[in-house]
Amino acid sequence: MDERLERLEKLVEGLVARLDAANGNHAEQDDALRAEQDAMREQSAALLAATRDLQSRQAALAEQVAAPKLQEDKGFRVGKTTVAYAGYVKVDAIAQRTSGGQLPSGSLLRDFLIPGLIPVGGEASGYDTDFSARQTRFILKTATDVGAEHKLNSHIELDFMVTDGGDERVSNSYVPRMRQAFITYDNWLFGQAWSTFQNVGALPDSLDFIGPTPGTVFARQPMIRWSKSGWQIAAEQSETTVTSRTGGRVITGDDTIPDLVVRYDHKRDWGTLTAAAIGRKLTMSDDDFGQADDALGYGLSLSGKVKVGARDDIRFMATAGDGLGRYIGVNIVNDAAVDAAGNLDPIFTYSGFAAYQHWWGPRLRSVVSGAYFKADNPVLLTTNQVTDESWNALANLIWTPVDPLDIGIELMYANRMLEDGRSGDLRRLMLSTRYNF
């Protein structure tokens, strides 16, 4: 482009010079010839200006040409739609023991930490060892060209956790499940995604499926979400879980008003800070406990990631509220209990975690994390056999021999205590290899 512009400039300048010379040598030429020469001079100047404008836009044009190529490098095009994929293959080896009872084969607690499933009151088990590739994940994304004024994308995500099928005798074949499936159109999201009340970016880099489970908000569900300039407002699926008078769990299924969430993400050079608030209408009907009732649930959560030095960081979350049971720690306790008059009594909870990630070198990193959960159960309504508190701590070492591959080891200790004072713990050693693609 520069070489062509230089040649064109010389050509136009030479032509203008010759025209000026001709005008000087033929001062008495007729008006028609002089007008023709003036027109040629104007056309030459316009051509030169257009070429210079094209040169100034060269960088922008190069970006436009490169953008489709970058998209195609991530996947392939079908008409106006770019289809891309991502995910990882992960293999885990887990050896663990529980102090309060033997875990049955196939228990979800043998795959990842679920605080509410830690056995309490039984005989200590020996160490059980399991190998699994169930956390392997596949993500399919699309982006459709609908013009420069709008953006239309989709996201579908699958893995093999907490699903039926498979055994440890012959096939180990597990049914895939939908993790996320949503559409985004400009500032809108429609579909199943991480709850707006949860800050996934604050979760530490753990080998366990979740990590600081007792102290984190954790929920995926259908929703409609609007986002702009750090703000997010969402209407999400409502579901009320109630503790019966015998300590059991009842899922009422009578909810009519979605859970409403407002969130703000504050991003700066030092890291990110997220504040989220949720409002819920807890509901039960006559066929649940003999009469209909509803109650207000609410909560606040503050979380973030703060940079420490060149690569280290601190991540944290603190959450408190009434009627948040199913949102915390994989539903450690329920949203509410039923009082003597048959009315819903929301259960207050508070929880949190903190984690520090340290890089020992360009390819070696560690995380140390601690999490805590506490419930204010009305024991006269729920019995004293429900979870009062839970906590866990973990430490890991992860090596990245090449950028797409992680190899790590993690130690975890977790504890669960009931309202009657009995407790049980879990001790785990985990080895993982993950290939990200």
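This is a predicted model: local features need pLDDT of at least 70, side-chain atom pairs count only at pLDDT 80 or more; totals for chains, interfaces and linings use all residues.
Residues are numbered from 1 along each chain as its sequence is written, and side-chain values use heavy atoms, leaving out hydrogens and water.

The two residues we began with belong to a pair of strands. Strand β19 (residues 364-376) and strand β20 (residues 387-399) pair in the antiparallel sense over eleven bridges. Strands here are DSSP runs of E with at least two residues, helices are runs of H or I with at least four residues, and both are numbered from the N terminus. Two strands are said to pair if DSSP finds at least two bridges between them. Strand β20 is also joined to strand β21 (residues 405-418), by twelve bridges, and these two run antiparallel. Here asparagine 396 has glutamate 410 in β21 as its bridge partner. A hairpin of five residues leads from β20 to β21.

Now step back to the whole chain. The protein chain has five helices and 22 strands. Of its 437 residues, 42% count as buried. Buried means under 20% relative accessible area, exposed means over 50%, and partly exposed is in between, with a 1.4 Å probe and protein chains only. The accessible surface of the protein chain comes to about 22,200 Å², and 59% of that belongs to carbon and sulfur atoms. These areas come from the Shrake-Rupley method with a 1.4 Å probe, and for residues only the protein chains shown count as cover. Contacts tell us about the fold as well: among those between residues at least 6 apart in sequence, 62% join residues at least 24 apart. A contact means heavy atoms within 4.5 Å.

Next, look at another group of strands. An open sheet of four strands has the order β11-β10-β16-β17, with mixed pairing. Its edge strands, β11 (249-251) and β17 (344-346), each pair on one side only. From one strand to the next, the twist averages 35 degrees; the axes are lines fitted to C-alpha atoms (for helices, over the stretch in contact), and angles run from 0 to 180 degrees between N-to-C directions. Strand β10 (residues 241-243) is joined to β11 by three bridges, and the two run antiparallel. Threonine 243 stands opposite arginine 249 in β11. Threonine 241 also has its place in strand β10. Is threonine 241 buried or exposed? It is buried, with a relative accessible area of 3%. Leaving aside residues up to four places away in sequence, threonine 241 touches Val250, Ile251, Arg326, Asn331, Asn334, Asp335 and Ala336.

Charged side chains make the next stop. A salt bridge is a side-chain nitrogen of Lys or Arg within 4 Å of a carboxyl oxygen of Asp or Glu. By this rule the count comes to 19 salt bridges. In one of them, the side chains of aspartate 159 and arginine 179 meet at 3.5 Å, N to O. Aspartate 159 lies in strand β5 and arginine 179 in strand β6 (residues 177-185), so the pair ties together parts that are 20 residues apart in sequence. Both aspartate 159 and arginine 179 are buried, and the relative accessibility of aspartate 159 is 0%.

Arginine 263 and aspartate 265 meet at 3.0 Å, N to O, and both are buried. Aspartate 425 pairs with arginine 427, the closest N and O atoms being 3.6 Å apart. Aspartate 425 is buried at 9% relative accessible area, whereas arginine 427 is partly exposed at 37%.

Finally, turn to the surface. Tyr85, Val89, Val91, Phe138, Ile156, Leu158, Met178, Tyr435 and Phe437 form a nonpolar patch with about 800 Å² of accessible area together. Patches are made of residues with over 30% relative accessible area and no salt bridge, where like charges are joined within 9 Å and nonpolar side chains (Val, Leu, Ile, Met, Phe, Trp, Tyr) within 5 Å. Strand β2 gives the most to this patch, with three residues. Valine 89 lies in strand β2 and is partly exposed, with a relative accessible area of 38%.
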